[in-house]
Amino acid sequence: QVQLVESGGGLVQPGGSLRLSCIASGMIFSISDVGWYRQAPGKQRELVATITRGGTTNYAESVKGRFTISRDNARNTVYLQMNILKPEDTAIYYCNVRRVEFPPRYDYWGQGTQVTVSS
């Protein structure tokens, strides 16, 4: 059974930091590409950051220099370190684990964790 369990969200003041974690089970994490997406109220879900199975990272322009994505294959975990948080970072953050180029193919999403940046 596939599970993605996110944690680390919460309320933080502007300029603060949070670290999100997503623990995956039920698939071979090390051969998967993983990422974080977010959805703010009234907006579409958007990419925040991704990291391939080979370790290549990609970031949305709005978070470059502030957020860092990393993975620990031994712990089946992907992290998102978020620094210098801004009110516009407020959203539900979703973990994604996928493998689309080669079999076995899959695309899994977590339930989301709320991040609120407010004074």
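Residues are numbered from 1 along each chain as its sequence is written. In this predicted model, local features need pLDDT of at least 70, side-chain atom pairs count only at pLDDT 80 or more, and totals for chains, interfaces and linings use all residues, while side-chain values use heavy atoms, with hydrogens and water left out.

Two aromatic pairs are present. Rings of Phe, Tyr and Trp (its six-membered ring) pair if their centres lie within 6.5 Å; planes under 30 degrees apart count as stacked, over 60 as edge-to-face and the rest as tilted. Tyr-37 and Trp-109 pair edge-to-face, with 5.0 Å between centres and 65° between planes. Tyr-37 belongs to strand β4 (residues 33–39) and Trp-109 to strand β10 (residues 106–109), so this pair ties together parts 72 residues apart in sequence. Strands (E, at least two residues) are DSSP runs, numbered from the N terminus. Tyr-37 is buried, at 12% relative accessibility. Trp-109 is partly exposed, at 34%. Here buried means under 20% relative accessible area, exposed over 50%, and partly exposed in between (1.4 Å probe, protein chains only).

Tyr-106 and Tyr-108 form a stacked pair: the centres are 5.2 Å apart and the planes 10° apart. Tyr-106 is buried, with a relative accessible area of 10%. Tyr-108, at 27%, is partly exposed.

Arg-45 lies over the face of Tyr-94, at 3.8 Å from the ring centre. Arg-45 also lies over the face of Trp-109, at 4.7 Å from the ring centre. A charge sits over a ring if NZ of Lys or CZ of Arg is within 6 Å of the ring centre and within 35 degrees of the ring normal.

The structure holds one disulfide, defined as a pair of cysteine sulfur atoms within 2.5 Å. The bond joins Cys-22 to Cys-95, with 2.2 Å from S to S. The link is left-handed, with -80° about the S-S bond. Cys-22 lies in strand β3 (residues 18–25) and Cys-95 in strand β9 (residues 91–99), so the pair ties together parts 73 residues apart in sequence. Both Cys-22 and Cys-95 are buried.

The largest cavity is lined by Asp-33, Arg-53, Arg-99, Val-100, Glu-101 and Phe-102. A cavity is a set of points on a 1 Å grid over the protein atoms alone where a 1.4 Å probe fits but cannot get out; lining residues have an atom within 4 Å of a point.

How values were computed: Helices (H or I, at least four residues) and strands (E, at least two) are DSSP runs, numbered from the N terminus. On a 1 Å grid over the protein atoms alone, a cavity is a set of points where a 1.4 Å probe fits but cannot get out, and a pocket is an open set with protein on both sides within 12 Å along at least five of seven lines; lining residues have an atom within 4 Å of a point.
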